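This briefing concerns a predicted model. The points that follow are grouped by topic, and the sequence and structure are shown first.

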Amino acid sequence: MQSPNDNNLVVFPDSPGGAWAHRQVESAAPQMVTHASGRPWLAGSWDPADLVVADAGPARVAVFGTVSVTSERLSTLISQVRTLPDLDRLARQLPGSAHLLASVDGQVRFQGTVTGSRCVFTACLDEVPIAGDRADVLAGIIGAEPDEELLAASVTSGMFFAPLSERSWWRGVEQVPADSYLVLPGNGSTRTVRWWQPPEPHLSLTEGVDQVRERLREAVALRQPRQGRLSADLSGGMDSTSLCFLAAEHRPDLLTFRWTGGSAINDDPFYAERAARSLEHAEHLTMPESSAPPVFSPPYWTSDTEAPRATTRGMNAVRTGIRLLVEHGATWHLAGHGADELFTGSAAYLHTLLRRSPVTAWRQLRAHRALSRWPLGASLSELLRGEDLGTWWRRCADQLARPAPDSPVPALGWGARLPATPWATGDAVRTTQRLFHGVAAGIAPLAPDRGQHEALTALRSAGPVLRLLCREYAVEGLRLELPYLDDRVVEAVLSIQPHERYTPWRYKPVLAEAMRGLVPDVVLDRSTKGYCEESVDRAMQDHVPDLLELFADSQLARRGLIDVAKFRTTLGTPPRSSDVWSAQLEATLGAELWLREIAARSGGRSSATAGLAHSGATPRPRVSDPEETL
């Protein structure tokens, strides 16, 4: 069986230039699908079961990813397609998580998912536009270099929100916004077309939960491995536990995995044990946290060159768990990532609610203030602040070098402002400020409703990050599936009014009510989330010497982006705000490891992509001995 890590897709226009471009890469692109004209259309490496192709009239359509549609059914669905926009209807119907491609009368349409969990990139090879599902593959084809601006911003700010999360990390490679599709014409320039709009949030909780339940059921039912076993996280949280019970409807012999032990104030194990008793036909794997590498512990390495990994601190432990699942026959794995972004949010929705239903807004504001201990004056100031999204980005840029406020600011604005990382150089900070000002000049909200905008920003920021996590699983031989990020699931949840999705009186009410009767009430009525930061703080301090050794010869420092002396001083000081500080450290570590992997593949030559196959197909990572990748 082909490893899912081998999957990559390159798309060519239906033109003589497209045929020429394919000849430049075909030696390392073993599979191919042609346009109706006979010219190369799709090339790369993929599991044949992941690509469904059908023809009807002038249209040739492909679906690439996790879907249940057959070629025959796809032919029926596209029978009326005559132009690229005609694909909108199909795009709104398909369940699962997949790229959609079409070749119609010499033009190509290529789109990913609305959360960015499946992305579309484009570049030019000697003036011939091409596209693909991996930025590093296209970077290898055109000989691109890393984007210094994004590196500076990653080191300086520690985390990205959309639209920066939807920017390629390679110069000359462009990323298509998640709500848009790319058009590759037979001749001329590429263009993007926004085809997706978020649903109007018009449903009450009661009216919307049945649709959420059915879309989740459908999403999980699609995740059936063609060989091997289906496994799932069973952390004890509502997100993963719900997926376990949905999966057990089709696979009673589900293989579950959970960590045991840990902090005394983390109540996840209690709820996981209660849920496991109700999944009586499943096999339950457990692993003590003490047997896994602690967070921030060596070896430090990455297997991916598309973008720096934002989640670095616990990957060694994650790999340990993956290997145990693979040893027990798992080939596909379900996880609840994305559910926090989908089912929770800040009180920013009150901006829109205040203008539509003032009484409800003031009542919910009182509850948020009581729970978060927000001062009344600061809360009213934030709620009545009239700045637009561009002004907020400019303010973030201008205040980047200032320290964080002593007291927490009520979460009622466009987002949280983070201070610059202590070890970012002045050049890195100034570059980031210019980048933020550039974003401010052309940005617009993703939806008229502030709560809807915030949900989409969170989802489109998380999607690309979790996409890289899927590839980390693939390196170890396990396919990671994330049903909460499916387009149809997202649309069902976003159809419910934000003030009922994010009510201050309940924890994830939409998911809880959607799963009522399927998942034990003790899990659905839980009002807490497992707390692990205590062990994170301790492990971070334990591994300061290892981190300092890694950064003694830093690629980031060579580029003038971090001050190693300040980095050393900061790591030697107990963190004042562990969540922010940890995120900044993870982002810096991710950028450093990314640059090292690029340098390792280039063999030390001047081109950052010299070590990539000229086809753009990245070499298989060395997973037998991770320490050798440093």
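Contact here means heavy atoms within 4.5 Å. With neighbours up to four places away in sequence set aside, L74 is in contact with V52, V53, A54, V61, V63, V69 and L90. L74 is also among the residues with the most contacts inside the largest nonpolar core, together with V61 and L350.

**Nonpolar cores**

- The largest nonpolar core comprises 100 residues.
- Another core, of 69 residues, lies apart from that one, and its members include L151, F436, L556 and I562.
- In soluble globular proteins, nonpolar side chains tend to be buried together.

**The open sheet**

- An open sheet is formed by 6 strands, in the order β4-β5-β6-β7-β11-β12, with antiparallel pairing.
- Its edge strands are β4 and β12 (191-194), each of which pairs on one side only.
- Direction ignored, neighbouring strands of this sheet are turned by 20° against each other on average.
- Strands of a sheet pair through backbone hydrogen bonds, either parallel or antiparallel.

**Strand β5 and its partners**

- β4 and β5 form a hairpin with 2 residues between them, and G57 in the turn has a positive phi of about 60°.
- With strand β6 (residues 97-104), β5 pairs in the antiparallel sense over 8 bridges; here A59 stands opposite V104 of β6.

**Strands β7 and β11**

- Strand β7 (residues 107-111) and strand β11 (residues 180-184) run antiparallel and are joined by 3 bridges.
- F110 stands opposite L182 in β11.

**Helix α5**

- Helix α5 covers residues 148-157; 8 of its 10 residues are buried, so the helix is largely enclosed by the rest of the structure.
- The buried residues of α5 are L150, L151, A152, A153, S154, V155, T156 and S157, and L151 belongs to the core of 69 residues.
- At the start of α5, a side-chain oxygen of D147 comes to within 2.9 Å of the backbone nitrogen of E149.
- After α5 comes G158, with a positive phi near 85°.

**Helices α6 and α17**

- Helix α6 (residues 205-222) packs with α17 at an angle of about 170°, and the two axes are 9 Å apart.
- This angle makes α6 roughly antiparallel to α17, since angles over 145 degrees count as roughly antiparallel.
- The contact involves Q211, V212, R215, L216 and A219 on the α6 side, and R488, V489, A492 and V493 on the α17 side.

**Residue E491**

- E491 is found in helix α17, which runs over residues 487-494.
- Is E491 buried or exposed? Its relative accessibility is 17%, so E491 counts as buried, the cut-off being under 20%.
- Residues up to four places away in sequence not counted, E491 touches W196 and P199.

Notes: Residues are numbered from 1 along each chain as its sequence is written. This is a predicted model: local features need pLDDT of at least 70, side-chain atom pairs count only at pLDDT 80 or more; totals for chains, interfaces and linings use all residues. Side-chain values use heavy atoms; hydrogens and water are left out. Two strands pair if DSSP finds at least two bridges between them. Helices (H or I, at least four residues) and strands (E, at least two) are DSSP runs, numbered from the N terminus. Axes are lines fitted to C-alpha atoms, for helices over the stretch in contact, and angles run from 0 to 180 degrees between N-to-C directions. Buried means under 20% relative accessible area, exposed over 50%, partly exposed in between (1.4 Å probe, protein chains only). A polar contact is a pair of N or O atoms within 3.5 Å; within protein, one must be able to donate a hydrogen and the other to accept it, and residues adjacent in sequence count only if both atoms are side-chain atoms. A nonpolar core is a set of buried Ala, Val, Leu, Ile, Met, Phe, Trp, Tyr and Cys residues joined through side-chain atoms within 4.5 Å. Angles under 35 degrees count as roughly parallel, over 145 as roughly antiparallel, 65 to 115 as roughly perpendicular and the rest as oblique.
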